[in-house]
Amino acid sequence: MTAQQANGELLSSWKEISDYLGCDERTCRRWELSLGLPIHRMEGTAKSRVYAYKGELEGWRKEKLSGAPGEKGGLSPEIQHGTEYKQKNIPGKLKHTGNKFLWLIPIAAVFVAAVIYLDRPSPGEPADFGIKGSRLIVLDKNGKKLWDYDTKLDMLAPEEKYRQQFQVRRLTTESNPVFPLSTINPPLLPFLVYKDIDQDGRLEVLFCPKTTDEYNETGLFCLDHQGTEIWNYKPGRELDFGGLVYSGDYRIAGIEPYDINGDGTLEIFMLTAHQPHSPSGLVLLDCHGKLLGEFLNFGRISDLAYGDFNGDGKTEVAAGCENDEYGKASLAVFDPSRIAGSSPQSKDLTCGRCGDGSEEYYILFPRTDVDLILYPPKENIKAIHVLENNRLELDTHVSHVYFELDFRFRVLEVKGSDLFREAHREMKTAGKIKSELTPAYWEALKNGVLYWNGKEWTSTPSMNLSEGGAKITSSQPGR
């Protein structure tokens, strides 16, 4: 036991601290963040148990009272006239002693309080993590435990899963590649991110608890730097596509904080996917977890890219997708202030509760004879690259054919990768295909691109001109 403890100088809870200062607990917590109230925390204890020393609190109070007039005037009456301080009234007693050096006492008190405050242990910032059982364990940059968060999930995914999808999007080797071509998965968006999303000067923790079977997942949680839950968002709701009802069992495929509107705070883009069926979502949240927009696509969404594509000074978002009804890779482009509705589908798969999609462009890309053999069901846009010459390069997942578009989303070129050319050569040698990789081959792919104009599919580069109201269903384009 220390001398301070023996003399009753230790306050061991928020209640004792707030009673001593003559205010409520919420005010104490606010003073800790905004005014440097000297609070200590016991390492390794549940919920970061707090304690404080009366002497340090008195030093802090004297420091605040001896500040500039404007600063002092801004203090609440509890700081200026707290019960304990009124009883001691130290400056008032010393004023009548006649000592000419009394003016040094406030300065010395400020100095001592500053030393105590600067010397106290500061809470570390989240930098690393571990997974143990159902718990996320948050670590500082030195590997020291800061706090843990219990997901209460019996089948929480192992740490390796989060390592692959921590902080930033990554490319990983595919575990079950389709032929030698699909050696790389689509970019993996994170499940765990440490970012100051609300610009309060502290890192928030964005955490998507994943289960090993991807069922019964609990959504996205935003925790503060001390592990307190700020908000959570659970994606998914029951929807019908072409009269078929799909449950609200949606998993999160990844998140990406991005300041899409330039206000300094970070919005959160979230990719969701029904488990196990086709409907998938592009969700946009603000930094407080408020839903700003949601678009439903009948097929997985793989990648996102951002840019001022139309030259209006504002950033748009492009989503690389697959459309499972048509079996084709697709691209959807949005004004982020208007993300709503669903992808254009035939009458058999129209989303009955979603309404018209708000996308500025929805584009389908033709299949090649190579990818139709490699993986007949479908193709998708694996990655979107924004190039320096105001072009978008779209990398298809199965065939690795590249479609290059300008910022008006006109197809300028179609190029085959070395992987595609080798696969084409092997298939032609084996007698599986007869095509030649001539200029006419690439021109046919370029001319096979289709645009949704709000009423129908057209090969003429077109924007989606639908403006709400009744959903106008499309005719099904051929492969």
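## Basis and overall make-up

Helices (H or I, at least four residues) and strands (E, at least two) are DSSP runs, numbered from the N terminus. This is a predicted model: local features need pLDDT of at least 70, side-chain atom pairs count only at pLDDT 80 or more, and totals for chains, interfaces and linings use all residues. Residues are numbered from 1 along each chain as its sequence is written, and side-chain values use heavy atoms, with hydrogens and water left out.

The protein chain has 13 helices and 26 strands. Of its 479 residues, 49% are buried (buried: under 20% relative accessible area; exposed: over 50%; partly exposed: in between; 1.4 Å probe, protein chains only). The chain exposes about 23,100 Å², and carbon and sulfur atoms supply 52% of that area (Shrake-Rupley method, 1.4 Å probe; for residues, only the protein chains shown count as cover). Take the contacts between residues at least 6 apart in sequence: 49% of them join residues at least 24 apart (contact: heavy atoms within 4.5 Å).

## Nonpolar cores

In soluble globular proteins, nonpolar side chains tend to be buried together. Here the largest nonpolar core has 34 residues (a core is a set of buried Ala, Val, Leu, Ile, Met, Phe, Trp, Tyr and Cys residues joined through side-chain atoms within 4.5 Å). Leu206, Leu220, Trp231 and Ile255 have the most contacts inside it. Strand 9 (residues 220-223) gives the most to this core, with four residues.

Beyond four places in sequence, Leu206 touches residues including Phe191, Ile197, Leu220, Trp231, Ile255 and Ile268.

## Aromatic pairs

The structure holds 23 aromatic pairs (Phe, Tyr and Trp rings, the latter by its six-membered ring, with centres within 6.5 Å; planes under 30 degrees apart are stacked, over 60 edge-to-face, the rest tilted). Phe241 and Phe298 have ring centres 5.5 Å apart and planes at 50°, so this pair is tilted. Phe241 sits in strand 11 (residues 239-241) and Phe298 in strand 16 (residues 291-298), 57 residues apart. Both are buried.

Phe309 and Phe407 pair edge-to-face, at 5.1 Å centre to centre and 80° between the planes. Phe309 lies in the loop between strand 17 (301-307) and strand 18 (316-323), and Phe407 in the loop between strand 23 (401-406) and strand 24 (411-416), so the pair ties together parts 98 residues apart in sequence. Phe309 and Phe407 are both buried. Tyr149, Tyr162, Phe207 and Phe221 form one aromatic cluster.

Arg163 lies over the face of Phe129, 4.1 Å from the ring centre (NZ of Lys or CZ of Arg within 6 Å of the ring centre and within 35 degrees of the ring normal).

## Polar sites

Ser399 is in the loop between strand 22 (391-396) and strand 23. Its relative accessibility is 1%, so Ser399 counts as buried. The Ser399 side chain makes a polar contact with the side chain of Thr396 at 3.0 Å (N or O atoms within 3.5 Å; within protein, one must be able to donate a hydrogen and the other to accept it, and residues adjacent in sequence count only if both atoms are side-chain atoms). Thr272, in strand 14 (residues 267-274), is buried at 3% relative accessibility.

Asp198 occupies the loop between strand 7 (192-195) and strand 8 (204-207). At 26% relative accessibility, Asp198 is partly exposed. Its side chain reaches the backbone nitrogen of Asp200 at 3.3 Å. Asp198 and Leu266 are 68 residues apart in sequence, yet 6.6 Å apart in space, C-alpha to C-alpha.
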